[in-house]
Amino acid sequence: MEANDIPSTSANNSNDDSQNSINIQQSSVHIGDMYHHTDQRQQRTEYHLQDHRSVRIDQHIQATLHTEDQRTVYYHDNRTTHYHMEQTTSVEPNEPSQLPSSVCDQELYHKLEETLKDRAKILAYGPLEMPVDLNQNIEAVSLEISQLPLDVVASMDLGHFHRRQDFLSRFFVNNPHSSHVPSNSLNPNQLFIAAKFSASQEATQKFGSVMGHDHEKYIETYGNIVGVIGQAGIGKSTLTKLLVKTILEGDMNVQAKYIFHIAFRDVDFTTKCNFFQFLMTSSLCDWEHHDASDKKLLKSLNQCDDVVLIFDGFDEAIITKPKHWASNIYLTGQATAETFIKNIMCGRLLPRAKKLFTSRPRQFYELHHNYIPRFLVSVLGLSEASQKELCQKICGERSGQVMQYLDDNPDISAYCYVPVNCILTMHCIHSCIIEGEEARLKSMTSIMAFALDGFVRSEHMRGHESEVSKLADLAWNGFQKQKIIFSEIDLAEVKISTNTLHSFLNTSVNFHSKMRVGVKILDGDKRSYFAHLIWMEFFVAVKMIFFMTTREFQLWVTKLGENRFEVVAKFVYGFCAEETSERLRRIFSLNDGGSFFRKKNMLKEFLLQFTPICFHNGRNSSDYLSICGWLKEANLIDFNNAVSFVLPKNLSLFGTVLPSDISNFHYHLRSNNDYWLLTVMLNATYLEGTYHRIFHEMATTMQQNTNIKIERVNLFESNISDMDMEAMCRCLPIIRTISIYKCVVTQQQMSKLGQSIGRLEAPMDELRLSDIRLEDSKARDLSTCIHNIRTLSLHNVGISFAGIEFLSNAIELLREPMDEFCINDTKFYDNEVQCLTKCLGNVKSFLMGKSEMSTRGYEILSQGIKSLSKQLDWLVMNDQLGDERAYALSSSICNIRNLKVNGCCITANGTAFLSEAIKNLINPLETVFIHDNKLGNEGGISLSRCIHNIKKLFVNECGLKEEAILHFSNAIAALKQPVEYLDLSRNNFGDEGAVNLSKCIHNIKGSNLSECGITSIGIKALSLSISKASHPLDKIDLGYNKLGDAGALSLSTCLHNIKSLNVASCGISKVGIKALSNAILSLPHPLEGLWVNSNEFGAEGIASLSQSLHKIRRLHVSNCQLTSNDISPLFEAIGRLSTPMEFLTVSQNPLGDQGAFALAECLHKIKKVELRYSKIKKDGIVAISTAIKRLPRPERPDVFNYDF
């Protein structure tokens, strides 16, 4: 029987892909039975094994089954079911025997199917892994997940998501009986259907709409794999078990006969085997391997549609070379688990099988990009409604008190969106309420410590209390070795005896007579493991803080910022809190506090060193939010002050931010009264209530720290609730700009926003609404607050004539004119344009684009502008005007100060109309932007005729040649007043054009001639004219012209008449730099700015520049291939300056840490420094941050753009 001989239940569904295509924008997943626990003493489940014997298995008491070949199967676990195997002594995994000829193929396939189903049933119907032990039925609650954009790999930063592409969809994992169920839902198989749909769209973009081999191969490779990511304890493993259950119960449209569920903790990464052995052993399935049968099954499985592989816990996998591209392997060859896994992920093995991988984000995204699934979802956690339901089911009649405590302590409730945290927190609060200790729970670390305290005080631990410290050694050993399953040898290594192990397993603590709730830390039988990974990470932190020597801790503390210490670091800082440390010191019977206090000082010093590393391009990364979490767990004033001391004034909260992040962020803001300028940029991958939490806490923070201002709030593609809008409106007094993009804003919410803005004491800078439906009623509400908005931007809002009329009438009645009114992506008819013109008298700047306005509409607009009683400051058009509409617009030029018509498809004819209107003006235009239009020489000649009425002209990239430049030169030379600025960049007029310009350069204050094809010949003529000019040029930009050293020598003769010079990427070597430096030395005044970027002049060039540095205020030497040795003379010269220089950029030079050390010595003499892609590592950043913090805050330089 060949590959296609396996009976395929999906064959009938092969044509359903088109029918199953889904609207990803509105999709959700509907899954029941979340967190379903049963009393394992009462429930027994009947399974049928491959030998067709009916066996009843008690999942609390070990049952053994002896099959005909004397293999033993163990079903054992008091709470979590595991499947342990003993290998048959006659069959070695690396020496497969021959298949007996009596076994037919169909029986073989049936046996495999039944074996996998038996294992899947144990997994699906067994209890879930929990940090506590609940002996009661817990029914389903809702868990939310969200799809991530395709390029999330590039935008992922250490576990938090930074938005770069449109959000695609929102999914929900729900309890069908819950009162909180979204109206739109679909089955969990939508994950695989959506993955295939997404891959099909991507294939069409890559290969076109015509189906071909490449198109089909792409869909097969990337349409059958789903990645699920989420933080620790968020519910990823629960999701995989629910998917298995859904498959078994036949509720999945994509049929599956062969179900492999592989937990990475059970995978052996040390030995080699064949691929089928890997699948069966990793799935914990007992199987007798034979060479012929293994090959037959592998060949068939590789081409079968009915295979589902669910890999859980990739963050627990031991991947030694995550970025390494694995080589191809033969289907029947032997390899390590790492090689098999990589080949599965990239589609080489089992390409037609449905595959799902779960992982924490950080470990997942360390992989080579070809291994990461294209279709990704993120588990967001429990909604607020789900948390309340779960509380009711855990705490019973005391649930009201528990929820009230959480409401009164938002810092604790912020953790409860994570299921594991929620269950553990509610369990501990419930216990604390009974014992009267609720006031002592202030952080997640304190909750874990309280749970451990109860565990140690339980009856099962009596006489073994002192043994708990051995768990710290066990956790630390496993953490170092990336090992989470412990053998008897591992236990013996840390001296955990059998009796002690028994005390650690499944301990119950009776906190209340009517409810038996327990904490469990270790689990398993022959192989032991921590009941949840969070307990292992907790004990790793215990080892570091309480049992590690000070010298050893000093080595490890610097690693707390690494990915794998994400959770550990939070606990390490949490142990610094006084009450928590006292509790743990009592548990572990510790007396010596000297070592503990020295470690606290090391942690404080690490904060001072690590915080500056967390900023990139002036915006804080997710690591900063992690630091805020550390601060909140520690709750120490001196830690907070240390971080505030080295932070920049401008902070950003951006991307996907979790509820705990918000609580941590505001904790830090409230911890001091420093001035903070915030930018809040949020997208839609949000757990319910997160928006409300952000602004609700911001309103509280405002009362405690009046120095906080919010520069901008950006809300992306979200369903904003009434509660969210209410909370944001309370923060409006400190918000300068609000941008709402692709969000669902109801009539009631727009009314609330309008009323709140209308009541502000001072106007807000800008309100920007994009891609939302602005119905007439919403436009009316918006019109009521126009008086308190300086800039109103409307983009693709679908506003009608009535809506425009509401806004126009309100603007017309303003006492003071609005700074800017922008309306884009809206189709205007003539009557709507007529309505708009009524308000232009009360608008300083009017911007319009993509309006599809007719020529008649432009005539109406032009007439309206022309009739204004005062001039319009700016008219900006982003439309495809063309020449006809340019003619219609030209009649309004007389009533405009500044005109911008970039990229408007204007040619020479349209330019002639505009130029004629400008030429006849009484007062000149301030600025004209007309670049990126196909003007050509003829259009340039037309513009030259009106240059006397334009102060600043930007005509770059318009196809101007020598003839047009000659006309410009003649016209400018004849002017009585010089042109303030002329931008002719990216017009290839060459040396002849430069020679022509030399005749008028004395009558231009500033010019941009970059990328114009000028060489040393043209620059010689220009330099001669500049040297003879009666007034200096403010700035001349000559970058990206092939000037060479000869050009630099020419420029050195006229530097006395130039304030700022840009010769970036001009092929200048040390000879040219020396000539320029000598000229600068002789200047009577300092040079305002010198750009010598992208020129290779080496150490000698730097030495020359260093001698003239006191005469340069702004120096740009990025991308000059300068090493630390090359640039050290420059930094030494900066250190000797009598007054600080304004700006220095040394980006894109391989400075390394040695260069950073040298820079740190002179930072007190620079106001602003740019370091980008400079290969500066941790030690260099530490040196820079240390130098900064030594300076008084007013004297600290702005050092930004760290890249590593």
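How are H20 and H23 oriented to each other, roughly parallel or roughly antiparallel?

Analyst: The model is predicted, and the description below should be read accordingly. Helix H20 spans residues 566-574 and helix H23 spans residues 622-634. Where they pack, the angle is about 30 degrees and the axes lie 7 Å apart. Angles under 35 degrees count as roughly parallel, and H20 and H23 are therefore roughly parallel to each other. As for handedness, the crossing in which H20 passes H23 is right-handed. On the H20 side, the contact is made by Ala569, Lys570, Tyr573 and Gly574; on the H23 side, Trp630, Glu633 and Ala634 make the contact.

The chain around this pair can be described as follows. The protein chain has 1204 residues, of which 61% count as buried, and its secondary structure comprises 44 helices and 44 strands. Of the contacts between residues at least 6 apart in sequence, 79% join residues at least 24 apart. The accessible surface comes to about 46,600 Å², and carbon and sulfur atoms account for 47% of that area.

The mean pLDDT of the chain is 80, with 81% of the residues at 70 or more. Over residues 149-187, pLDDT stays under 50, and the model has 139 contacts beyond four places in sequence for that stretch. Residues 506-517 also stay under 50 in pLDDT, with 40 such contacts beyond four places in sequence.

Terms used
Residues are numbered from 1 along each chain as its sequence is written. This is a predicted model: local features need pLDDT of at least 70, side-chain atom pairs count only at pLDDT 80 or more; totals for chains, interfaces and linings use all residues. Side-chain values use heavy atoms; hydrogens and water are left out. Helices (H or I, at least four residues) and strands (E, at least two) are DSSP runs, numbered from the N terminus. Buried means under 20% relative accessible area, exposed over 50%, partly exposed in between (1.4 Å probe, protein chains only). Contact means heavy atoms within 4.5 Å. Accessible areas come from the Shrake-Rupley method with a 1.4 Å probe; for residues, only the protein chains shown count as cover. pLDDT is the predictor's confidence in each residue, from 0 to 100. Axes are lines fitted to C-alpha atoms, for helices over the stretch in contact, and angles run from 0 to 180 degrees between N-to-C directions. Angles under 35 degrees count as roughly parallel, over 145 as roughly antiparallel, 65 to 115 as roughly perpendicular and the rest as oblique. A crossing is left-handed if the near helix is turned anticlockwise from the far one by less than a right angle, and right-handed if clockwise.
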